[in-house]
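Reader: Hi! I'm new to this one, could you walk me through it?
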Amino acid sequence: MELRKLAAEKGLIYGTAISATSIEGDPRFADLVLRHAGLVVAEYDMKWQHLNPSKPEDDNYGPADAIAAFALDNGLVLRGHNLLWYRSTPHWFFDLPSQQEMERAVVAHIRKLAERYRGRVHSWDVVNELIEPANGRPDGLRTAAFLDQMGLDYIELAHRTARDADPNARLVVNEYSVELDSREHEARRAALLGLLERMQRSGTPVDAVGIQAHLPVTGGAPFSASRLRRFLAEIAGLGLTIQITELDIIDRDVPADETVRDQLVADTYGHFLDAALDEPAVKMVVTWGLSDRYSWLTNSRRDRLPARPLPFDADLEPKPAFDAMVRAFANAPQRPADEDGWPRSRITVQS
Ligand code: G3I
């Protein structure tokens with residue numbers, strides 16, 4: 001029962017975030033990825049601060065190349081994350097003397113990264129996490145890196161540069177905290193929809209929306225399936241496809257008991273995926289890791305117990321969350337696969 005096959009039967013691509021370290025240094029984990037994932041994305045190895053930490057000439061592309069090779073050698077779809085992100089922008093960028101120098105650096109970086117894997121990346125998160133209503137702008141856009149430094153046109157500049165560098169890649173606006181029924185998430189959804197409409201009006205190339213879906217089990221706002229469905233339908237109404245890009249479940253605020261926690265995590269996977277997969281425009285589900293052995297959330301609990309956010313535990317054994325994903329894929333309505341002519345050797349039902 002492979003997740004990638006169950007997903008492919010419904011026209012979906014399922015995959016996971018990985019790091020070069022995890023697939024090169026942990027053969028059992030790499031095998032689990034190959035068994036269940038039809039797509040991989042770099043959790044951090046393709047980020048600017050990792051590629052060029054101290055100067056533009058660094059070019060630490062080894063780990064990123066390893067992930068691209070792992071995808072290509074194993075017939076996996078490769079997702080690109082990310083071309084720009086305020087949190088992974090190298091410090092030397094902010095020391096550049098002018099807006100013009102910054103624009104030149106951004107264009108050079110996007111060209112270098114996107115052209116390096118040209119024709120092999122299914123989608124790129126172009127400017128990751130553009131929205132931040134807390135910054136106080138009427139349009140709800142994030143100000144620090146890059147708007148403050150480069151002005152509003154940087155978004156179109158980044159997207160047009162990415163399109164030129166790799167015309168085959170889908171260009172994605174990837175956001176978090178747009179999934180739940182709360183005032184904060186509502187504000188973020190409104191800002192995102194407004195941005196997408198402005199991008200389309202200005203002719204800025206954008207093809208899809210990424211919904212990160214780092215979801216709280218409890219302690220977060222309530223989940224409303226109907227509100228999520230309505231939001232996804234609004235995105236689809238713009239003619240955009242939807243990718244669930246970083247799905248994991250934050251079990252920070254629930255009891256320590258593993259059986260209780262695992263069931264709450266599984267229920268959260270099930271409720272979210274049941275609602276999200278009702279939308280035919282949802283074409284992809286990516287979990288932000290496959291096993292609790294490798295998660296950014298590992299040390300997120302106050303009681304210092306390791307978190308259990310993912311479908312497989314740290315011993316690479318399936319958890320109730322895995323069963324919940326199996327059920328969600330099995331119950332998902334059939335959708336036309338994202339017509340992209342990708343070499344889908346590992347994401348077809350026959351593979
Ligand atoms: O592996 C190195 C280690 O060798 C080094 O000693 C250590 C100290 O510098 O760093 C280690 O790399 C860290 C890496 O995580 C692995 O733990 C990086 O510094 C650290 O920046 C990186 O954090 C990543 C974070 O994004 C920032 O890039 C997380 O793994 C990753 O899960 C997280 O993912 C983000 C998405 O990109 C965007 N959406 C939110 C999501 C969660 O924050």
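This is a predicted model: local features need pLDDT of at least 70, side-chain atom pairs count only at pLDDT 80 or more; totals for chains, interfaces and linings use all residues.

Reader: Thanks! Is strand β4 buried or exposed?
Author: Strand β4 (residues 121-128) is mostly covered, with eight of its eight residues buried. Buried here means under 20% relative accessible area (1.4 Å probe, protein chains only). Strands are DSSP runs of E of at least two residues, helices are runs of H or I of at least four, and both are numbered from the N terminus.

Reader: And how do β3 and β4 pair?
Author: In the parallel sense, over six bridges; two strands pair if DSSP finds at least two bridges between them. In this pairing, H81 stands opposite D125 in β4.

Reader: What about β4 and β5?
Author: β4 pairs with strand β5 (residues 170-175) in the parallel sense as well, over three bridges. There, S123 stands opposite R170 in β5.

Reader: New topic: which residues line the second largest pocket?
Author: Its lining includes L141, L152, D153, L195 and R198.

Reader: Which element gives the most to that lining?
Author: α9 does, with four residues.

Reader: What counts as a pocket, by the way?
Author: On a 1 Å grid over the protein atoms alone, a pocket is an open set of points where a 1.4 Å probe fits, with protein on both sides within 12 Å along at least five of seven lines; lining residues have an atom within 4 Å of a point.

Technical notes:
Residues are numbered from 1 along each chain as its sequence is written. Side-chain values use heavy atoms; hydrogens and water are left out. Buried means under 20% relative accessible area, exposed over 50%, partly exposed in between (1.4 Å probe, protein chains only).
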